[in-house]
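Subject: Structure handover

Dear colleague,

I am passing on the structure below, together with some notes for a first reading. Please look it over before you go on to the text.

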Amino acid sequence: MLQQIIDRRLAGKNKSIGNRERFLRRHKDQIREAVKRAVDGRGIRDIAQGEDIHIPRKDINEPVFGHGQGGKREMVHPGNKDYVRGDRIERPRGGAGGGGGSQASDSGEGEDDFVFHLTKEEFMQVFFDDLALPNLARTTLAETPEFKTQRAGFSSDGTPNNLHVVRSMRGAIGRRIALGGDRRKDLRRLEEYLEMLQRHPDPNPLAHEIPGVEAEIAALRARLGRIPYLDPIDLRYRSRIRVPVPTAKAVMFCLMDVSGSMDEARKDLAKRFFILLYLFLTRHYEKIDIVFIRHHTQAQEVDEENFFHSTETGGTVVSSALVLMEEIARARYPTSEWNIYGAQASDGDNWHHDSGRCRELLAHNILPLCRYFAYVQVAEEEQNLWDEYSTLAAESKAFAIRKVTEASQIYPVFRELFKKEGAPA
C-alpha cells in the first residue's frame, strides 16, 4: 500500500529558520532600504504584504582570505609531471581563492542580483524595527503589579467547587470501557453459549457444561463489578491561572482633516500615514486604544471603516477636532491610568481666526495631557496653521511637526516621528 507522508513542520522541507534569521540580521541595512523602496511604490491596501527583495550579489559575497601577490612559498604538488624545481610559472589572472565572484562579461554571461521573498511577518518586522511610542510610562507602581484570573483548561487537582462533573464522568466512562472491554467480550460469548446450551433439546449431551459456564459468567460479572464507577483519577477540575495585566496602557488619537481643500492626493498621503500608524500600534502593543476623529467644520468620532473610507467633506475648522479629542480624553482616559498620544494630519488650510485657537488648545489643554503629539502637513504651502504650530513646536519637546508632499516621504517621516530613543536613523 502506498504511504503518503505530509510534512507539517513550520520550517518546511529544505528550509532553515535559523539560517534565514541569520541572513536577515547580516543584511539588515540592505533589506531595510529595499523595504523602503517597496513601500514607496505600493498602494494603501498593499502596504502590509510581503515583498521580493533584491540584493546586489556583490553585497552578499563571503569575505575570504587569500594569498596576495609576491612572497615566498613552498608547496608540494603531488602528481606533478610537467614541472621541476626552478621552473617559473605565470600566476593566473584575477587572483586565487575564488573570492572574485561572477561579473558580467563580454561573452554575455553573468549573474543577477540575489532575490528572496520576505514573508508578511518578516516584512512588518523590518518595517517597524526600532520604532516605539515616545515617553511611554507605566501608569501604576511596579511594586503593585495587577493580575487577572483567566481559565486555563482542566487539571487533575483542585477544590470541590471547581469540579467539572461532565469532564469527570466522561473520563470515568472511558476508563471503565478500557478496563472492562475484554471481559465484556468474554461475558457476551459465554452468555450466548449458555443460551445455546439451554435451548438444546433433551436429551442434552452438553448439559454437564452448564454449571461451569454459569460459574464463569458469575466470576466475570463480579470482576466487572469491582471496576470502580468513579475513581479519583477521573476527577477533573476547572483550572484558572493568574496572568499579569499590562500596567502601561496607551491611547492614540488619530485626527484627520477631510475638508474640501483636502483633494484625493492629500487624503491619500494622510491615509498612508495613519495606516502606518495603525499597523505599527496594533503590531507592537497588546493593550492600545485607537480613537479615530474626522473633521471638517465639525469633528466626529468614527470607527476604522469610516475613518479611512467615508467621503463626507465640508469647510475647515481644525479646532473642532482638538476640542473633541480633549473631551474624549478627559471623559474616558484619565492620565493616572493612560498614556495619551495624538497624531494629526491636515493640509494646514484652516479658517484664519481658528489657527491661533488651535495653538492655544494644544498648549494649554491637550499637551499637558499628552505624552507626545505629532502633526503632519500633507501640503507644501505653509499655511497659518503651520506657522502657529511651528511656534509651539519650538517650545515643547512633546510636540513635533513634519511636512510631507510625496508618498515616498511618508515612511521616512513616520520613522523619524516614532523612532526609538537611541536607535539609528
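What follows is a short account of a helix pair, a strand residue and the cysteines.

This is a predicted model, in which local features need pLDDT of at least 70 and side-chain atom pairs count only at pLDDT 80 or more, while totals for chains, interfaces and linings use all residues. Residues are numbered from 1 along each chain as its sequence is written, and side-chain values use heavy atoms, with hydrogens and water left out.

Helix H3 (residues 120–127) and helix H6 (residues 264–284) have axes that come within 11 Å and cross at roughly 105°. H3 is therefore roughly perpendicular to H6 (a term for angles of 65 to 115 degrees). Glu121, Met124, Gln125 and Phe127 of H3 make the contact with Leu276, Leu279 and Arg283 of H6, where contact means heavy atoms within 4.5 Å.

Leu118 belongs to strand S2 (residues 114–118), strands being DSSP runs (E) of at least two residues and helices runs (H or I) of at least four. Leu118 is buried at 0% relative accessibility, buried meaning under 20% relative accessible area with a 1.4 Å probe, protein chains only. Beyond its neighbours within four places in sequence, Leu118 touches several residues, among them Arg20, Leu24, Ile31 and Phe123. Its C-alpha lies 6.1 Å from that of Asp52, although Leu118 and Asp52 are 66 residues apart in sequence.

As for the cysteines, Cys254 is buried with a relative accessible area of 2%, and Cys358 is buried at 0%. A search of the whole structure finds zero disulfides, a disulfide being a pair of cysteine sulfur atoms within 2.5 Å.

With kind regards

Notes
Axes fitted to C-alpha atoms, helices over the stretch in contact; angles between N-to-C directions. Parallel < 35°, antiparallel > 145°, perpendicular 65-115°, else oblique. Buried < 20%, exposed > 50% of the residue type's maximum accessible area, 1.4 Å probe, protein only.
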